[in-house]
Each structure stands twice: as C-alpha cells, then as structure tokens.
Amino acid sequence: MSSVQPALDLVEAVATRLADPGLVPSGPQDHRQQLAHGAPGIALLHIERAANGLGPWQRAHDWLAAASQGPLTSGPDSHPFYGMPALAHALACAADHLPGSYQRALDAMDRQIEVDVGRRLDTAHRRIDAGRLPRLAEFDTIRGLTGYGAYLLRRDPGGATVRDVLDYCVRLTEPLTHDGETLPGWWTSTGPSGSADERFPGGHANTGMAHGVGGVLALLALAARRRAVAEGQRGALRAILAWLDRWQEETEQGPAWPYWITQGELRTGRRASSELRRPSWCYGTAGLARAQQLAALALGDAGRRIAAENALAAAITDPDQLRATTDDGLCHGLAGLAHVAIRMAEDAHPSTVGRIRAAIPALVAAICRPDSHLARTATAFTGGSGAGAGPGLLDGAAGTALALLAAGPATPPRSAWDTCLLIA
C-alpha cells in the first residue's frame, strides 16, 4: 500500500526521538510506572521494533531499566496499567524474544501478581455475595480483574488463577437486585469516571472495552479460543451479547452501540440520545465490534462474526464518524481504529476481509499527515495537553507508532504488546 513507507519513516523518526529515556519529558513522577503514559509503554515500541529487526534491543533495555528504577508499586495501589503489573507486561513482551532474560524478575512479579489477584477476587466475591454493586475498577481492563486476566491468560493460560478470574467474570454477568430493581451484574452506582456524578443518578452500565463489559466479553472470548474455560463461560458470553443486542442502534451507516446505559434508559427501555459518537477502541463501535467478533469465533456463530466485521467496516469508512475522531492515539483516536481493523482483518470472514483491509490505508495516511500529532512529536514534544500529546502508549506517540508499525509489512505484532488492550 502506498502509505506503508511514509508510516515506517515516521515510526523510525518517533523511535529515534524516544531513544534515550533521559532526553524524553518524563511528566509527573508516577508516569515511571504507568503503562498508559510512561516508561513501560514506551518500552513496548522499542521491544516491537527490536523483535522485528528494525531497532536495537539496547533501547528497550534502557526504557525497561528506567521503568524499574526505585520501588515498584504492588498490592491494592497497583493495577494492570500501573506499578508491577505494568512493568511485567513490558518485560514479558521482551522476554518472549530473549530467552532467559528477565526470567527471575518475571517469576517474582508473577507470584506477587497472583497474590494480588487472589485478594481482589476474594473481595469481589464477598461483594457479590452481599448483593452490592461493583466499582468499575473492580473489573475493568485498565484497573481491574479483566486487565489482570489479559496478562495472566498470556503468561499461564492453563493456570488456576486464570480459571479463577474467568469464574469471577461469569458471576459478574449474573443479574443483581439492588434497591428492588434488577440490574446487570456490572452495573455501577457511579458515573463513567468511577466517581459520583449527578449526570448519572442511579449509576450506569458501561459497555466500553477500557472500563466496561466490552473488556469482559473480550477476555471470556479470548480465553475460550485458548481453551481456558470456566463453568458457565459460554452462557456468560451470550448474556453480554444479548445486552449489546438489546441496545444496538441502527444508523444510516450501520449498527452502533452506546458507551453506556443510564438508569433512566434502563427503566424506559429506550436510549435518551442517539448522538454521533466516535467509534474508538476504548468506547464505541470499533472496540465492541472486535469483542463481538472474538465472541462469535469462540461460539462458532458465523452470522454474528460477519455482522461485527461489517459494523467495523462501516464505522471506519463513514466520514461523519471519522470527523468525530479528532486525535491520532490508540485509546480513542485513529491509531486505535487502524489497529482494531488490522486485528479484525486477521480473523475476518472472506466476505468482509477485503472491505476492512481497504479502509486501513486511509487511516494510516491520516495519521501520517504533516500536521498530525505524531508528525510533530517526531520533531519535538510541545508539552501540549491536547489528545495525542506526549510520548506514551494510550494517547501518545509510542502507541500511535506501534499501530503504524503493525499496518506495515511487520504485521502481526511479534511481541504481543497489544494483548493489554484485549484485542488479541
């Protein structure tokens, strides 16, 4: 495709700009341990390039060393994108290509992570037994048990802790009765930020991949495809899919799913608003299409698989939805759309794969435009606060460059860096 070489040139420029941890703006102190914004996420770019023979392993080592300087946070103050689990993900990606390297550190981290997950699971089951509603951070991909499940599934898919996480996910899909009202088991009493929000009286049911049941769906499906199965897993997959079917909206461009459902909407059975929303990884059609494709593959449902793939193709070719996507990053920008499309194309039905692949070059070209966030980052960081600013994984240059690298001849990712997003 004509966009490949400009993309690879831009990735090279970004990687050069991010070569030395001492010369990259570090941001707040806690960014050292953050997968989303800090050193572990930037290390992933250099790991993936080294795994493909496109850059030196020394850069990856330097960033991993930068991430591990000083004490690492574990226990209740850590989560999949912060502290020990964040560094463990990056180390595991490197260790896959460097036999023997980092093994002692990874073994120690894995033991601690399993202890932390066990404690979280105990707390979660007590909460369910008591009939209380969960917090988003109990189960979501970024901070919760779904994110831990993504890491553990990769490290030890047949392990007891993976099975325990899947058992919990199955329980999470069972309805709860709260204040006399039957709610889905993942209903939270807060707003999408995880804090009390007057815009969400009575709370909400979050559908997103980052903070909602979309991530749970993806984990259950990925586990099933890796033959990690818990009792009731197929029923849990179907329960989440039924919820998404209930709230699916038909638009002129194709099907779409809301970011969340409020208490008022649940009671009336109707969406209060059908405003256009960007089809990102973290929320909306792109991430949910991938989760449903994975679920369909796990269940052997060819019709749902094709429908999910067509939904993604429609979203990433609709000018209105693309205009609503105003940044380049992985989380909610063009890089996320491109990377979800790449992963979906790998598993797509012959009737849809061409449509998905045909849309990727335009997404890549948009990211590589001269005035893009990434192009500016390749020259110098501005320190701006806009979406896509900074060097990190989720919103910044490292993640966008990783998506561009996957769009070139190096696909699919060799280091499994994107398993933390639950799309692979």
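Leucine 337 touches Pro279, Ser280, Ala286, Ile316, Leu322, Thr325 and Leu363, leaving out residues up to four places away in sequence; contact means heavy atoms within 4.5 Å. The structure is a predicted model, in which local features need pLDDT of at least 70, side-chain atom pairs count only at pLDDT 80 or more, and totals for chains, interfaces and linings use all residues. Residues are numbered from 1 along each chain as its sequence is written, and side-chain values use heavy atoms, without hydrogens and water.

Leucine 337 lies in helix α15 (residues 334–347); helices are DSSP runs of H or I with at least four residues, numbered from the N terminus. With a relative accessible area of 0%, leucine 337 is buried, a term that denotes under 20% relative accessible area with a 1.4 Å probe, protein chains only. A separation of 6.7 Å is found between the C-alpha atoms of leucine 337 and tryptophan 281, which are 56 residues apart along the chain.

The axes of helix α4 (residues 84–95) and helix α5 (residues 103–129) come within 10 Å and cross at roughly 140°; axes are lines fitted to C-alpha atoms over the stretch in contact, with angles from 0 to 180 degrees between N-to-C directions.

Conventions
Helix = DSSP H or I, 4+ residues; strand = E, 2+ residues; numbered from the N terminus. Buried < 20%, exposed > 50% of the residue type's maximum accessible area, 1.4 Å probe, protein only.
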